[in-house]
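Biologist: Walk me through the helix packing, then the ligand site.

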Amino acid sequence: PLSDAAELLKYYEVYDTIGTGGFAKVKLGRHILTGEKVAIKIMEKKNLGEDLPRVKTEIETMKNMSHQHVCRLYHVIETHSRIYLVLEYCPGGELFDYIIAKAHLSEEETRVFFRQIVSAVAYVHNKGYAHRDLKPENLLIDDDHNLKLIDFGLCAKPKGGLGDELMTCCGSPAYAAPELIQGKAYFGAEADVWSMGVLLYTLLCGSLPFDDDNHMALFRKITRGKYWNPPWLSSDSILLLKQMMQVDPKRRLKVGQLLDHPWMMKGYSSPVEWHTRQPLGHIDDDCIIEMAVHMKRSKQSTMHLVSEWKYDQTTATYLLLLAKKQSGRPVRLLRYIPPQE
Ligand SMILES: O=C(Nc1ccc2c(c1)CCNCC2)c1ccc(-c2cn[nH]c2)cc1OCc1ccccc1
């Protein structure tokens, strides 16, 4: 109903639907004040049902994530019947479609992408979360041809940190670790490494290492851990895949060992940089000044307002101004001049 869209339309121009997922629809949009393009994920509360907790998890998790390879949440608008998430614009679409279009990627192109995936996952783990649904559908390509991790609906933040075991069996079977599908207690970080191994395989090979229409047959293949290595794989790639898709989680590579693994370092002089380039607490002066001028407030009170991180129009305006600055565009808010009488 219009009342729901009214709140959204106060701040955004909304264009056509670009994707419809399980319980959400994604539309293109533009933030009026900054002119920046955004993606708007629209969910009908009544259709969410038992998925509502998953959406709440995703929102609370994404509010704590600020990283160059994690899709940024800018604004949360909850109305009578809908939840709108305003998200970072990723016009390259899903990595899944990109791989299909190219059959499979070269080792060099895979390495560029895989270093970004490891950077995102290392950051997420350092924050105490396990993603638990790593797959090419959950990696989007931005307008700079960089990857952005999405879908934190299944992530877990064990109370005692990632040293605690998890129980819930979740995620997509083809990417799920053996210990997870066997219903054993597992460590989220170890399960994520297995999924990254399957992801690396799909990038290099253009197919799944373990696949079967029959669920039980698929489970048997995963627990057996044997898969085909296509002839175009280098011996280094074969070795790394083997170290990541170890059925025994204790023998599996750790994320820390991935950061400077010889395969990851080929053609590079430094290990994967996983620290964020935009720490959450950091407040950019240029953006604050432009907002203060626009809001006719002092710099101090504008700084204070932004620091509340309410994921409202203020948060969205600040983050989108920052995105503008980082893309080399002018740190300017729209100067709306009302029509002269
Ligand atoms: O910006 C996003 N998507 C997106 C934007 C523009 C274009 C495309 C895609 C590809 C299709 N051709 C038109 C160009 C976009 C951003 C964030 C999220 C998102 C973040 N957490 N959850 C979802 C989802 C997004 O989309 C999903 C999608 C839509 C159509 C296909 C492929 C992917």
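**Helix packing and ligand site**

Modeller: The axes of helix 7 (residues 188–205) and helix 9 (residues 235–244) come within 8 Å of each other and cross at roughly 150°. Axes here are lines fitted to C-alpha atoms over the stretch in contact, with angles from 0 to 180 degrees between N-to-C directions. Helices are DSSP runs of H or I, at least four residues, numbered from the N terminus.

Biologist: What kind of model is this?

Modeller: A predicted one, where local features need pLDDT of at least 70 and side-chain atom pairs pLDDT 80 or more, while totals for chains, interfaces and linings use all residues. Residues count from 1 along each chain as its sequence is written, and side-chain values use heavy atoms, without hydrogens or water.

Biologist: Back to helix 7 and helix 9: parallel or antiparallel?

Modeller: Roughly antiparallel, therefore, for helix 7 and helix 9 (angles under 35 degrees are roughly parallel, over 145 roughly antiparallel, 65 to 115 roughly perpendicular, the rest oblique).

Biologist: Which residues in helix 7 and helix 9 meet?

Modeller: From helix 7, Val193, Trp194, Met196, Gly197, Leu200, Tyr201 and Leu204; from helix 9, Ser237, Leu240, Leu241 and Met244 (contact is heavy atoms within 4.5 Å). Nine residues of the contact between helix 7 and helix 9 are nonpolar, two are polar and none is charged.

Biologist: And how does helix 5 pack on helix 7?

Modeller: Helix 5 (residues 107–126) packs with helix 7 at about 165°, axes 10 Å apart. Helix 5 and helix 7 are therefore roughly antiparallel as well. Helix 5 contributes Glu107, Thr110, Phe114, Ile117, Val118, Val121 and His125 to the contact, and helix 7 contributes Ala189, Asp192, Met196, Leu199, Leu200, Leu203 and Leu204. By class, the contact of helix 5 with helix 7 has 10 nonpolar, two polar and two charged residues.

Biologist: What about helix 12 and helix 13?

Modeller: The axes of helix 12 (residues 285–295) and helix 13 (residues 299–306) come within 9 Å and cross at roughly 110°. Helix 12 and helix 13 are therefore roughly perpendicular.

Biologist: Change of topic. Which residues come nearest to the ligand?

Modeller: Ile18, Ala39, Lys41, Glu88 and Cys90, of the 15 residues around the ligand (a heavy atom within 4 Å).

Biologist: Which atoms of Lys41 and the ligand pair up?

Modeller: A polar side-chain atom of Lys41 is 3.4 Å from a ligand nitrogen. For Cys90, a polar backbone atom lies 2.8 Å from a ligand oxygen. The cut-off for such N or O pairs is within 3.5 Å.

Definitions and conventions: Helices (H or I, at least four residues) and strands (E, at least two) are DSSP runs, numbered from the N terminus. Ala, Val, Leu, Ile, Met, Phe, Trp, Tyr, Cys and Pro count as nonpolar, Asp, Glu, Lys and Arg as charged, and the others, Gly among them, as polar. A polar contact is a pair of N or O atoms within 3.5 Å; within protein, one must be able to donate a hydrogen and the other to accept it, and residues adjacent in sequence count only if both atoms are side-chain atoms.
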